[in-house]
Each structure stands twice: as structure tokens, then as C-alpha cells.
Amino acid sequence: MDKVGIVGYYQVKPGLDIMMSPYEMIFEAVRGALDYADLKRKDLTTVISATNDYYDGKTISNCFKVEAGGAYMKDESKVEMDGAHAAMYGLFRILSGNHKLAMIYGISTPSCYQYESVRVLENDPTFDRPINLLNSYTSGGMQMRAYMKAFGISEEDIAKVAVYNLKNAAKNPLALPEAKKADITIDEVLKSDILSTPLRELMYPMKCDGATAMILAPERQALKITDNPVWIIGVGNVNETYYLGDRDLSVSLSMEMAAGKAYEMAGIKDPKSEIDVAEVFGHTACEDLIIAEAAGLTDKGKGISMVDRGNLNPSGGTMAGYTPCANGLTRIVEAAKQLRNEAEGHQINGAKMAIATGQVGFCAQNNVIYVLERGGN
Amino acid sequence: MPLPDYEKKSYKRTRTMHGNWYLASYRYKFNLSRTKVFLKGLAKGHILGLKCRSCNTVSFPPRLICGRCLVKPDQWVRLPETASVSTFSANYDADDKNRERPYPIVAVQQDGTDTVWVHNLTDKFDFHDVYVGMPLKAVWAEERKGIWMDIDHYEPIEDPAIELNKKEEEM
């Protein structure tokens, strides 16, 4: 694969209920990314957004966002999935050779609707929806139980991951202020309310409003724009069955296959030693571990060791504020920041190779992974 | 101290997750910073347009973002009350005796602007006589409240030049 560079990005500071319309949030993110890279709107050749019609309360939700997203009179399209999938769409367009600069943005506004209820509509309408037992809490609880049972993990271990993520979030200036918990203890997590046993409130991320934008450019173009771009050198995307019962929830086979493809593309033989930073998108503290293990960062069932190594989710990951539709893109941007030495407060020194993941569906049905490499000095 | 997860406690705070979701419950957010100035202007009998300093495009009603330049326009300009028909269409709806009645809808371009909005035409006017480019004039509501419908409707104004052209064509 030819190298594609990340040349600019911007994150709108998340909040539980931002006093901004989605339209303005997109404008701030897109304008911010262009200003960061010192580019003009006319330089953009394609704009890809990650939004969801249900989450936006209107159909064909991208039609209203054209002006704000910088897509006026441009090639524009939408992905009704995670921001990481939008980034993949943008990547393909760049690799096709037809585009020189792609703007990718994701936006989420859960303050406008009942997120958990909307996710119930993600259920299969013939079996799961009439029974109405499956939702993001119960699926998270079942996944956590399956993982704990399969590898002999205790609730305390999962609580440890939640504490680790929340403490990391406290160091991240762009984390949700309510999620910044520098003094949290394992005991507090274990005593928080039960969402769906054994999943507890503090093991589940807080949903928040936020928008993220990122600019991609092909190798030659990227080097004209910046001296230290971040290269995307590998990508993998695998989807598995919808039905939870048909999958082994304690592992993520789709991520394992996707990671295998991405590492092969990037020429990585031993991800355990070669990957310096990982930004993974897990819906719960437990899912962070499952995805990190599937991505080959540790052995199966040993994900908890990532907490001691400290290179998993230095930004706090999803626990630093979950922005549906923008979260995967935020993970890529956070990983890129680490490689560019621009992470304020949560920088990992000397990071050269990173992975970032995105997902969509209950219990991470569809996974996408990026391998990022530091360019320049 | 592993807590057994089947431990039953009484909680003060509980969660409700609705199994269904209605679009009507969606909370749409909108920035009123531009709209408020515009509506206050209407209450005073002023028609205001918003000008982008970068490309000099004037929008009426005001747009929050200029798509061409990707900036937020912030220069207000006073517009004349005259306008012209950009395009039009006619619907038929039933009156109280269930008789069909034509109902013209005109896309109005306020003079001095680059955008178009859709409005009513006076019902005293036969829509068969409407044409693209027809000059119009805004008619204010009897009582101005600072709302969009302060401009009650548009009515055609006589344009001597066009009348002359028509006569020439007939001759």
C-alpha cells in the first residue's frame, strides 16, 4: 500500500451538553483542522463524514452539513458508521489516485436524544427487538461475563482497567471534564451502580457531545504540507455475524483477522514489541482488553498486563468521553498526536509506531484497525 | 473484597431505557445568534441580510456559515423591500366549500441578496400572471412581533419597463 499521511486534525472539546449546534461543532472541527495544517478550503478535494441519521434526528443527515463541513461544491459522502470507517473511506479515495486532500469528520450529539434507546433499534427486528432484552448495557454485561469466565479474570481486574483509563483521562486536556477522575480507586468502581451484572457504571463510558476532524493526503502531497506527517501504513477491516450467540464474546475474531491483515500490510512481525502506543475503542473497560488482545498486543487473557505497561489508551480511550460516530476518529487522532509528540500531558516518549482501532455494532461486531508510523524526525 | 455481583441492593437512582424511540422527542439544537438580530430587525420593520466579508455574498434569511469561504459571516446589511420572483409553482387546495383554489408559492430573491427564500404571494393576484423575474414588494403584517411571518406576503409591483416590453411584443 502507498503511504497516506495524516496532515491535520482538530477535536472539539467534548461536553455532556455542549451549547453549540451540531452544525457549528462541525464548522469548528473542520475549520480547526484546516487552520492547523495551514490549508485552505479550496485545497480539499473530498469530504467524508461519519454521522448517523437516527443520531441526527433527520434523514440523509449529511445534506444539511455541506457548508459546515467544507463540502460546498465538492465531492462528498457519508459513512453511517464510526469515524474510523469514514477514515477508511477517505483513505480509499486517496489511494485511488483521484484525490489529493481528504477531510474526514465525525460528529456526535447524544445530548439531543436517548442514545441507549436508539441503540435498541440496532437490534434485529424479528427476534431481538420483540424480546427487548438486548441493549448496550446487557450486551456489555454478557461480554464481560464471558471474558471473565474464559480467562479467570475477576471484577477487580476489570475495575483496575477502568481506574487506569479514568486516571489517564485526567491527564488529557481534551477529555470530558466529568470523566477526569485522578483520585479514583478500584473500590469506588466496584461500588458504583450496576448497569447489567457484572458491568458497573464506572466501567462504562460517559456519552458526550463532540466532533473530530482529520485531513489525509497522499505521500507526496503530505510532505509538501508538513515536515512530520503521520503515515498510515496498514489497515484492516473485518465484520462478523450480528448474532451474539454465534460469536465467542470472550475474544474478538474479527479484530484478530483485521489486525493480521494490517500488520502484514505494514510489515510488522511482532506487534508486542513493535507497537509503542495503542488507542483502542472499546465500549466498556473490558472490551478495551478484548480488543487489545485481539490486536496482538498481549496474549489472550493477559490484557491486564497492558495496564502496567501503560501504553494502552494514554488519552483515556473511550472512558475519556464516548462520542458515538466520532470516537474511532478521535482514537486515530490521539494516536497521531502521540507520534507527532503533540499530546499535552499524556505523551509517551519516543513513540514511533502506533495502532488505532474503531468499531461498530454490539460487542464490537465490525472492527477496523490502523497501523500508524511516525514520519519525519 | 470481591463483591458478589448478585448482591441485591436498593437503589435510589434507577435507569429507564425505553424500548422504543420517537423522533418527536429529539432535541434539535440551533444557534440563534444570527437569527435573533434578524428577527429584532423584522420587529422594527427592517429587512436585514448577512454579508460574508470574504466573498461579498449576502444571505437572506441569514445563514450561519458561508459555504464558499468556510467562515461565519458577521456583517449586517439593510435590504430594500423590493424583490423579484426567482421561480414559482402553484398548488391547489380546497376552500371551505370544497372548491379547488390555486395557491401560488413563489421563490423570492430579495434585491441585493444572493439567496432565495420561499414565501406567499398575495391571494388577490392570479398566479397565471406570475413570471420569473417579476418584481415584488414585501408587505408587512399588521402587527410586527419579531417573527418570520412579520413579512406577511409579497405583492407584485408595477414595472413600467416590463409593461412597455409587453406592449411592444403584442404590436
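**View 1. Helix H2 (53–56), H4 and strand S10 (353–360) of chain A each supply at least two residues of the lining of the second largest pocket.** Helices (H or I, at least four residues) and strands (E, at least two) are DSSP runs numbered from the N terminus, and a pocket is an open set of points on a 1 Å grid over the protein atoms alone, with protein on both sides within 12 Å along at least five of seven lines, its lining residues having an atom within 4 Å of a point. This is a predicted model, in which local features need pLDDT of at least 70 and side-chain atom pairs pLDDT 80 or more, while totals for linings use all residues. Residues are numbered from 1 along each chain, and chains are lettered from A in the order in which they are written. The pocket is lined by 22 residues, with Asn52(A), Tyr55(A), Glu80(A), Glu122(A) and Val360(A) nearest its centre, and H4(A) gives the most, three residues.

**View 2. The largest pocket has a volume of about 530 Å³.** A volume is the space filled by probe spheres set on the grid points, which are joined across faces, edges and corners. Among the 24 lining residues, Glu116(A), Tyr137(A), Met206(A), Lys207(A) and Arg15(B) lie nearest the centre.

**View 3. The largest cavity has a volume of about 150 Å³.** A cavity is a set of points where a 1.4 Å probe fits but cannot get out. Of its 19 lining residues, Gln11(A), Pro14(A), Leu174(A), Gly321(A) and Thr330(A) lie nearest the centre, and H14(A) gives the most to the lining, with four residues.

Technical notes
Heavy atoms only, no water.
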